[in-house]
There are 2 protein chains.
Amino acid sequence: MTLIDGKATAATIKAEIAARVEEIIAAGGKRPHLAAILVGHDGGSETYVANKVKACEVCGFKSSLIRFEDDVTEAELLAKVKELNEDDDVDGFIVQLPLPRHISEQKVIEAIDYRKDVDGFHPINVGRMAIGLPCFISATPKGILELLQRYGVETRGKKCVILGRSNIVGKPMAQLMMQKQYGDATVTVCHSHSTHLKEECREADIIIAAIGQPDFVTADMVKPGACVIDVGTTRVADPTRKSGFRLNGDVKFDEVAPLCSYITPVPGGVGPMTICMLMLNTLLAGERSIYAR
Amino acid sequence: MTLIDGKATAATIKAEIAARVEEIIAAGGKRPHLAAILVGHDGGSETYVANKVKACEVCGFKSSLIRFEDDVTEAELLAKVKELNEDDDVDGFIVQLPLPRHISEQKVIEAIDYRKDVDGFHPINVGRMAIGLPCFISATPKGILELLQRYGVETRGKKCVILGRSNIVGKPMAQLMMQKQYGDATVTVCHSHSTHLKEECREADIIIAAIGQPDFVTADMVKPGACVIDVGTTRVADPTRKSGFRLNGDVKFDEVAPLCSYITPVPGGVGPMTICMLMLNTLLAGERSIYAR
């Protein structure tokens with residue numbers, strides 16, 4: 001069994017990005033610049049954004065953090081998005097989700113210039129990904145592809161079962177895994193209404209669990225030799241921790257791991273790859289590799 | 001076994017659309033207007049466009065046919081697209097594909113105002129469909145959903161195997177069949193590189209064959225009681241026909257049909273639904289049901 005080390009892989013990729021940035025600077029180019037809009041003071045969002053800013057430093061990017069209080073109006077937020085769209089120095093930017101309820105997340109996402117949408121959430125990027133055109137691919141599915149590739153997990157023609165059909169993981173993951181130029185696998189998407197979910201899993205060469213239910217995937221659902229990717233990160237109460245909780249994956253790791261050819265741990269598997277892929281998208285934006293501007 | 005009669009269903013839907021148009025006119029509204037751009041004189045394209053114009057008449061729509069010769073430049077075509085985008089009387093329009101090789105189809109598609117893109121090929125419509133937002137859904141997958149619904153084929157939680165991963169059928173079909181608001185099924189997409197394609201089919205409650213290989217789906221691949229939707233329309237030489245060819249589906253109809261709960265014939269199954277769904281999208285465009293303008 002090989003443990004897929006997302007933390008180490010992410011560190012390697014960030015070092016590769018930093019080296020590329022040095023090349024760009026040495027050639028007289030511009031330092032990639034990522035901006036982030038953060039609304040309010042949600043603990044999770046604060047942590048994510050702080051980690052993104054930190055990752056920018058590691059990669060040699062310029063970063064800007066724009067803060068609004070919870071009572072910002074939709075119009076004010078849209079005006080800032082417009083400003084960032086028009087700011088030639090900003091190569092890519094994100095609006096940290098979730099937003100307060102009085103603001104339409106979809107409206108804000110669609111206001112972002114898709115050529116700066118390094119989160120890959122704009123319908124143009126979602127649509128271009130679906131039909132196999134160059135685009136910004138959202139971080140979590142992109143990170144999983146990267147892990148499979150770097151660990152040499154064979155995907156072509158294999159049966160890949162994806163648990164969950166969320167817009168940010170399950171659906172894009174399915175689209176990528178089925179495409180010839182990415183996974184080229186036989187893809188099955190299971191969800192809460194699937195009647196033969198366990199049977200599907202038992203036949204899978206690759207399981208990607210993104211269903212948000214701790215310990216959902218048990219040993220009886222996994223074929224010996226399968227590769228298991230765990231996207232789950234549910235906070236579970238844990239009095240032995242200082243924080244009072246731990247992050248629990250969708251996979252019952254202790255009993256599943258011995259069966260696997262490859263498995264990702266939680267934490268330290270898919271999680272660290274996410275911010276790293278945002279950095280990669282920012283580099284691509286800075287280099288105008290995907291869209292001219 | 002129930003034969004799914006696409007021709008009759010399409011006629012019913014067109015009559016429903018015509019009745020709705022009469023209501024709109026009676027209420028002082030505007031007649032929906034579909035425009036079509038046709039480049040060159042390809043026999044297939046001529047027939048398709050002529051059938052679309054005819055269907056517009058049946059539905060009570062206004063239609064406009066804009067013709068260009070094969071040597072039209074990309075710039076000329078893009079200028080016409082812009083003109084139709086800006087023409088307030090035109091509710092929706094299509095550019096009949098394929099285009100001559102010197103013109104980028106993708107560029108032309110992306111130039112269409114997505115609010116008039118009744119073919120549903122613009123990345124914004126593709127992306128919005130993928131994440132479950134209101135949009136123009138392309139005709140073939142939309143027609144298949146409509147057939148399943150009108151014949152009362154249960155899809156929720158069922159295993160649906162899609163053969164083929166084309167941008168116009170396989171991929172959008174998978175996205176629709178997996179979504180809660182449409183198929184809500186467990187979806188598997190198989191293709192030329194799938195190693196266990198036959199086994200997947202044998203377990204399927206619903207097979208949607210869009211692989212473009214005549215008689216590909218044989219009796220040994222179909223579970224008794226399955227519903228089989230045949231999207232294939234390959235021209236096969238047939239000296240007994242005046243035309244010299246017949247349309248052949250992806251399913252070996254004679255041996256598969258007796259096993260099925262439901263099956264679509266070729267021709268007369270999915271085919272007639274396609275133009276009919278273009279008409280439905282044009283009605284939705286005329287009513288501004290999906291996008292304001």
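Turn chain B by 180°, shift it 0.0 Å along the axis, and it can be laid on chain A with an RMSD of 0.0 Å. (The superposition is by least squares on the C-alpha atoms of residues with pLDDT of at least 70 in both copies.) The two copies are thus related as by a two-fold rotation axis.

A quick word on ground rules. This is a predicted model, where local features need pLDDT of at least 70 and side-chain atom pairs count only at pLDDT 80 or more, while totals for chains, interfaces and linings use all residues. Residues are numbered from 1 along each chain as its sequence is written, and chains are lettered from A and ligands numbered from 1 in the order in which they are written.

**Where the chains meet**

How many residues does each chain bring to the contact? Chain B gives 25 residues and chain A gives 25 residues. Two residues are in contact here if their C-beta atoms, placed from the backbone, lie within 7 Å. As 100% of the interface residues of chain B are also interface residues in chain A, the copies meet through the same surface.

On the chain B side, helix H5 (123-130), helix H7 (170-178) and strand S6 (186-190) each supply at least two residues. Helices (H or I, at least four residues) and strands (E, at least two) are DSSP runs, numbered from the N terminus. H5(B) has the largest share of that side, with six residues. Sorted by class, the side of chain B that touches chain A has nine nonpolar, nine polar and seven charged residues. For those classes, Ala, Val, Leu, Ile, Met, Phe, Trp, Tyr, Cys and Pro count as nonpolar, Asp, Glu, Lys and Arg as charged, and the others, Gly among them, as polar.

Now follow the strands. There are 12 of them in one open sheet with mixed pairing, in the order S1(A)-S11(A)-S8(A)-S7(A)-S5(A)-S6(A)-S6(B)-S5(B)-S7(B)-S8(B)-S11(B)-S1(B). Two strands pair if DSSP finds at least two bridges between them. At the edges stand strand S1 (2-3) of chain A and strand S1 (2-3) of chain B, each with a single partner strand, so one side of each is left without a neighbour in the sheet.

What joins strand S6 (residues 186-190) of chain A to S6(B)? Three bridges do, and the two strands run antiparallel. In this pair, A:Val189 stands opposite B:Val187 of S6(B). Further along, strand S7 (residues 206-209) of chain B runs parallel to strand S8 (residues 227-230) of chain B, joined by four bridges. There, B:Ala209 has B:Asp230 in S8(B) as its bridge partner.

Axes are lines fitted to C-alpha atoms, for helices over the stretch in contact, and angles run from 0 to 180 degrees between N-to-C directions.

| Helix pair | Axes come within | Crossing angle |
|---|---|---|
| H1(B) (residues 6-26) and H2(B) (residues 43-59) | 8 Å | roughly 55° |
| H6(B) (residues 139-150) and H10(B) (residues 271-286) | 8 Å | roughly 100° |

That angle makes H6(B) roughly perpendicular to H10(B). (Under 35 degrees counts as roughly parallel, over 145 as roughly antiparallel, 65 to 115 as roughly perpendicular, and the rest as oblique.) Their contact includes B:Ala139 and B:Leu147 of H6(B), and B:Met273 and B:Leu278 of H10(B). By class, the residues of this contact are six nonpolar, three polar and two charged.

The axes of H1(B) and H2(B) cross at roughly 55°, which means H1(B) is oblique to H2(B). B:Lys14, B:Ile17, B:Ala18 and B:Val21 of H1(B) meet B:Ala55, B:Val58 and B:Cys59 of H2(B). This contact has six nonpolar, no polar and one charged residues.

**A few residues to look up**

Is B:Phe93 buried or exposed? B:Phe93 is buried, with 26 other C-beta atoms within 10 Å. (Buried takes 20 or more other C-beta atoms within 10 Å of a residue's own, exposed 12 or fewer, and partly exposed is in between, with C-beta atoms placed from the backbone.) B:Phe93 sits in strand S4 (residues 92-95) of chain B. Its C-alpha atom is separated by 5.5 Å from that of B:Ala36, 57 residues apart along the chain.

B:Asp184 is not a glycine, yet has a positive phi of about 55°. You'll find B:Asp184 in the loop between H7 and S6 of chain B, and with 21 C-beta neighbours inside 10 Å it counts as buried.

Finally, the peptide bond from B:Val266 to B:Pro267 is cis, with omega near 0°. B:Pro267 is placed in the loop between strand S11 (262-263) and H10 of chain B.
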